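Reader: I am new to this structure. Please take me through one part of it closely.

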Amino acid sequence: MLRNVGYKFSFSFIKGGNWYRCLLTAGYKDYKIPPTFDDVEFPERGKLKIMEKVPQLKGQETPIKMMKRLKDLRGPDLVNNKLVHKQYGLQALTPGYLRWGHLEMIRLMVNRNMDDRRMFAIWRIDPPWKPITRKGQGQRMGGGKGAIDHYVTPVRANRMIVEMGGTVEFDIVRPILESITKKLPLRSWVVNQEMLERKEMEEEFEEGVNQNPFTMEFLINNNMQSCQTWLGKYDKMWHMKYK
């Protein structure tokens, strides 16, 4: 006996003088439509190029020593904080210095794990250009500034470090970039275009829904409890968001 119960069919039969009922159900699978990559443009060079360890000087030009210039790390990066190809990338969350060894580690891990036939990667940071000086161990104080030991690339918060794309989905690129975040001297996260847009919408939503007028910006601009006397210049500029 076969009965129709909605989308399910019940089948009854007799075995050993007893009635048994079996439910026959059809499994429903909802597969996502694969994305199309018609608007993806591949650059001329699909792999990351080797960064120069020391900046090239012209003629008899001598290398210039610099001061610490911590303003190179202050605040967010307002220029290189977007994805050029609107796909995937590695974004810094905190400031820091990247040495040549870090850049070489990124290049090797990306180039070895990516399929250059359908993927590409580009740099979003400059080669090391800022000199870091150091004196030998055991030297006494004085004697002028030490010799140049190595060069670094200063990276601000929200700066894109490397960008990847191609005719691949995010789940294929994510493990490659996540393996890099564990070895960098600064905090970073793997993002795609949807995550960046969602983050901007959440920030705008929180700012519009917030009913508390005593925000950090309001407190600093109105000098509540004389906070401007002990706050720094960059705290007043970025309202305690960035250091």
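Across which strands does helix H1 lie, and at about how many degrees does H1 run to S5?

Author: A word first: this is a predicted model. Helix H1 spans residues 100-113. H1 lies across S5 and S8. Its course makes an angle of about 70 degrees with S5.

Now the sheet that holds these two strands. It is open and has three strands, in the order S5-S8-S7. The pairing is antiparallel. Strand S5 covers 96-99 and strand S7 covers 130-134. Both stand at the edges, and each has a single partner strand, so one side of each is left without a neighbour in the sheet. Neighbouring strands here are turned against each other by 50 degrees on average, direction ignored.

Look next at S7 and S8. Strand S8 takes in residues 147-155. S7 and S8 pair over five bridges, in the antiparallel sense.

Helix H2 has twelve residues, 170-181. From first C-alpha to last, H2 reaches 16 Å, close to the 16 Å expected at 1.5 Å a residue. Its buried residues are Phe170, Val173, Ile176, Leu177, Ile180 and Thr181. Seen down the axis of H2, the buried residues fall within an arc of 145 degrees, so they line one face of the helix.

Technical notes:
Residues numbered from 1 in each chain as written. Predicted model: local features only at pLDDT ≥ 70, side-chain atom pairs only at ≥ 80, totals over all residues. Heavy atoms only, no water. Pairing = 2+ DSSP bridges. Helix = DSSP H or I, 4+ residues; strand = E, 2+ residues; numbered from the N terminus. Axes fitted to C-alpha atoms, helices over the stretch in contact; angles between N-to-C directions. Contact = heavy atoms within 4.5 Å. Expected span 1.5 Å × (residues − 1). Buried < 20%, exposed > 50% of the residue type's maximum accessible area, 1.4 Å probe, protein only. Arc of directions from axis to C-beta.
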